[in-house]
Amino acid sequence: MSDRIVLIAVAVLAVMVGAAAQRWLSAGSAEWQGPESAFPDLSGKPVRLSDERSEVLMLNFWASWCEPCREEMPVLDRLYAEFRPRGLRIVGIALEDREGVAAFLRKFPVGYPILVGEQGGDALAARLGNSAGGLPFTAVLDASGRVLATHLGPQTRPRFLADIEPRLAPSR
């Protein structure tokens, strides 16, 4: 009889340890709290922003007619190429029509994904903190979608690095 009690106690303990471990492991993967917006890519396919989440997600709102936006894009492109392996995701949201965006990107391509925010992109930028409605506007989000920083106007590499580097996975 005592062997049976010991086996039951061990089984109960194993279940409790397993449940505690599951809670501990899932604590690091918080549910997405960021915007649930979806915008079409250049082919017209809708992309949900929650599907773009990473260690750090930079949402950059821009337009092809915006000179400071065009000046900032190479900075973002280099950051994306350099830090993507460490968990950086950059998504450009163009606040204009798909044809205009596609024509611009044929001349000035970038390596990070571009979505067309003609319908609702400006409203999302406002919800993320762009009350002035200016461009470029960048919101930096963590893995759970919390806004870590926002920037109105063109930014430099050192400014963006200050936002992203401490939150990215270490270099390999």
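Trp62, Phe104 and Phe108 form one aromatic cluster; rings of Phe, Tyr and Trp (its six-membered ring) pair if their centres lie within 6.5 Å, and planes under 30 degrees apart count as stacked, over 60 as edge-to-face and the rest as tilted. The model is predicted: local features need pLDDT of at least 70 and side-chain atom pairs pLDDT 80 or more, while totals for chains, interfaces and linings use all residues. Residues are numbered from 1 along each chain as its sequence is written, and side-chain values use heavy atoms, without hydrogens and water.

By the ring rule there are four aromatic pairs in total. Tyr80 and Tyr112 make an edge-to-face pair, with 6.2 Å from centre to centre and 70° between the planes. This pair links distant parts of the chain, since Tyr80 lies in helix H2 and Tyr112 in the loop between H3 and E5, 32 residues apart. Helices (H or I, at least four residues) and strands (E, at least two) are DSSP runs, numbered from the N terminus. Phe104 and Phe108 have ring centres 5.1 Å apart and planes at 35°, so this pair is tilted. Phe104 is buried at 10% relative accessible area, whereas Phe108 is partly exposed at 47%. Here buried means under 20% relative accessible area, exposed over 50%, and partly exposed in between (1.4 Å probe, protein chains only). Tyr80, at 5%, is buried, and Tyr112 is buried at 3%.

The strands come next. Strand E4 (residues 88–94) is largely enclosed by the rest of the structure, because seven of its seven residues are buried. In a regular strand the side chains alternate between the two faces of the sheet. On one side of E4 are Leu88, Ile90, Gly92 and Ala94, on the other Arg89, Val91 and Ile93, and both faces are covered.

E4 has pairing partners, where two strands pair if DSSP finds at least two bridges between them. Strand E3 (residues 56–62) runs parallel to E4 over seven bridges, and Met58 has Ile90 as its bridge partner. E4 also pairs in the parallel sense with strand E5 (residues 114–116), over three bridges, and Ala94 stands opposite Val116. From E4 the chain crosses through helix H3 (residues 98–107) to E5 in a right-handed β-α-β crossover. Right-handed means that, with the strands pointing away from the viewer, the path from the first strand over the helix to the second runs clockwise. E3, helix H2 (residues 67–83) and E4 also make a right-handed β-α-β unit.

The protein as a whole has five helices and seven strands, and 41% of its 172 residues are buried.
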